[in-house]
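Q: Could we go through this structure together, one region at a time? I would like to begin with a single residue and then move to larger elements.

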Amino acid sequence: MSKNQNNTCAIAPIEDFDGAAWLTSLQERIRSAVHLGQLLRIEGNGTRGQEHGVTAGATLSLAACQGIVQYEPDDLVITVRAGTPVAEVQRILALQGQMLGFEPPLQAGSTIGGTVALGWSGPRRPFAGALRDHLLGVRMLDGLGRDLRFGGQVVKNVAGFDVARLMAGSLGLLGPLLEVSLRVIPCPAVEKTTVLALDAAAALALMQRLPTGPGLLSGAVHVDGSLYLRSAGSFECVDAFLRRQGGTLLEQHSSEAFWQGFAHQTHRFFFPSAARHGQPMRLWRVSVRPGSPVMDIGAATAIDWAGAVRWVWAPMSAYPALKQWATAHGGHVALWRHGTRQEHETVLQAAMAPVLLDVHRRIKQVFDPHGIFHPGRMFAPC
Ligand SMILES: Cc1cc2nc3c(=O)[nH]c(=O)nc-3n(C[C@H](O)[C@H](O)[C@H](O)COP(=O)(O)OP(=O)(O)OC[C@H]3O[C@@H](n4cnc5c(N)ncnc54)[C@H](O)[C@@H]3O)c2cc1C
């Protein structure tokens with residue numbers, strides 16, 4: 001990689017990727033699926049679990065579509081082909097002292113297209129914004145094989161309805177993403193963590209007093225009786241901020257290991273919890289207003305996003321109580337992991353209000369009028 005006079009990073013072309021021929025074959029594949037009434041399952045690197053994956057349909061893999069299309073470090077924008085591994089994007093950004101602000105939860109091999117399609121953001125989200133806030137533009141194919149571009153490759157891009165953001169969390173339902181343009185952020189000079197021994201109620205009370213949004217805080221998580229506060233910025237400010245909070249300062253490697261483990265869910269909290277009273281445990285994600293009180297449902301809870309996300313181990317039978325609690329606190333609940341396919345479908349279908357479901361169906365109809373992409377992934381085909 002080399003920089004030209006405009007400080008644009010010129011990326012060496014990937015020799016074994018013939019974009020034009022590949023695009024044509026992908027379009028033909030979609031058109032023939034429409035013609036033959038086939039179903040297609042869009043895939044990045046296939047790293048997602050099978051639990052909430054739909055297995056019907058032939059695989060339409062984007063894994064070969066790799067490479068950096070354009071990277072403008074001075075403009076804090078990168079455009080990447082969808083099949084590029086996120087780890088490779090992070091490596092290239094790190095060379096310029098930059099990073100993805102939404103701290104994506106990853107598994108080995110996750111692609112940037114799959115990550116955008118999943119739309120998840122890690123513990124940095126309340127302080128640096130969600131994945132969709134960093135998504136500036138996309139290039140994609142729709143269910144007719146049309147090559148579409150939405151949004152742009154610049155940060156100042158505010159004309160009209162922001163269709164590109166619809167693709168964050170679209171789960172491959174609207175069509176394959178070919179390229180994504182993302183805003184990136186500079187790596188902080190230093191990032192440190194202090195750990196305070198507090199129960200959940202005291203941790204939530206402290207989280208409410210701390211500033212959210214851009215600033216010194218970059219993570220606030222409570223797990224196993226400890227509150228982890230991460231601060232990012234200059235040496236002096238971070239030191240002063242963390243000293244004010246008290247607690248025990250973590251060594252650099254322990255701090256990094258904790259946040260990676262929590263973001264990528266390799267922390268021991270996320271290991272399947274033992275069955276209780278013969279009922280196997282499921283991992284639930286409850287999104288609520290950050291100031292919501294401590295949950296008294298389930299066997300174990302971790303607090304993420306400075307109070308706005310509660311990870312809960314509870315059996316399937318706890319779903320009605322979880323849903324009621326989440327609704328009462330302005331949020332919703334998702335069955336995250338370790339459920340059966342049937343359980344995931346039950347929760348998914350009960351999760352959406354009819355009016356929202358109608359909006360989803362209408363958007364799907366516009367992008368995929370023949371319903372060839374992932375039928376049944378989110379709602380029963382019309
Ligand atoms: C701890 C952990 C657990 C996870 N568990 C699950 C889980 O249970 N279920 C789950 O779905 N994910 C799960 N994920 C997310 C997943 O493993 C990957 O992080 C993410 O899916 C990206 O991987 P991938 O590129 O291989 O995408 P894939 O796994 O191939 O695809 C993921 C989704 O994105 C869509 N997609 C992929 N590429 C594109 C594209 N170019 N255009 C449009 N749509 C696309 C697919 O249709 C699919 O819906 C988990 C992640 C972590 C960190």
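Q: Does glutamine 265 count as buried or exposed, and why?
A: This is a predicted model. In it, glutamine 265 counts as buried because its relative accessibility is 17%, and the cut-off for buried is under 20%.

Q: Where is glutamine 265 in the chain?
A: Glutamine 265 lies in the loop between α9 (252-263) and β16 (281-287).

Q: What is its phi?
A: Glutamine 265 has a positive phi of about 60°, although it is not a glycine.

Q: And glutamate 103, what is its phi?
A: Glutamate 103 is a residue other than glycine with a positive phi, near 50°. Its place is in the loop between β7 and α3. Glutamate 103 counts as buried, because its relative accessibility is 13%.

Q: Changing topic: how many helices and strands does the protein chain have?
A: The protein chain has 12 helices and 19 strands. Of its 382 residues, 47% count as buried.

Q: What share of the contacts comes from residues 24 or more positions apart?
A: Taking contacts in the protein chain with a separation of 6 or more, residues 24 or more positions apart account for 68%.

Q: On to the strands. Why is β6 described as largely enclosed?
A: Strand β6 covers residues 77-81, and four of its five residues are buried, so the rest of the structure largely encloses it.

Q: Which way do β5 and β6 run, and how many bridges join them?
A: Strand β5 (residues 68-72) and β6 run antiparallel, and four bridges join them. Within this pairing, isoleucine 68 has valine 80 of β6 as its bridge partner.

Q: What lies between β5 and β6?
A: The two strands form a hairpin with four residues between them. Leucine 76, in the turn, has a positive phi of about 60°.

Q: How does β6 pair with β10?
A: β6 and strand β10 (residues 177-183) pair in the antiparallel sense over five bridges. Here the bridge partner of valine 77 is arginine 183 in β10.

Q: Now a helix. Which residues of α2 are buried?
A: In helix α2 (residues 86-95), the buried residues are Val86, Val89, Ile92 and Leu93. Viewed down the axis of α2, these fall within an arc of 125°, so they line one face of the helix.

Q: Why would residues three or four places apart point the same way?
A: An α-helix has 3.6 residues a turn, so residues three or four places apart point the same way.

Q: What do the buried residues of α2 pack against?
A: They pack against β5, β6, β7 (98-99) and α3 (112-118). The face of α2 turned away from the buried side carries the exposed residues Ala87 and Leu95. Just after α2, glycine 97 takes a positive phi of about 70°.

Q: Last one: which residues of α12 are buried?
A: Leu357, Lys364 and Phe367 are buried in α12. They cover an arc of only 90° around the axis, which puts them on the same side of α12. The buried residues of α12 pack against β8 (135-141), β9 (147-151) and α6 (163-166).

Q: And which exposed residues are on the face turned away?
A: That face of α12 carries the exposed residues Pro354, Val355, Arg362 and Val366.

Terms used:
Residues are numbered from 1 along each chain as its sequence is written. This is a predicted model: local features need pLDDT of at least 70, side-chain atom pairs count only at pLDDT 80 or more; totals for chains, interfaces and linings use all residues. Side-chain values use heavy atoms; hydrogens and water are left out. Buried means under 20% relative accessible area, exposed over 50%, partly exposed in between (1.4 Å probe, protein chains only). Contact means heavy atoms within 4.5 Å. Two strands pair if DSSP finds at least two bridges between them. The arc is that of the directions from the helix axis to the C-beta atoms.
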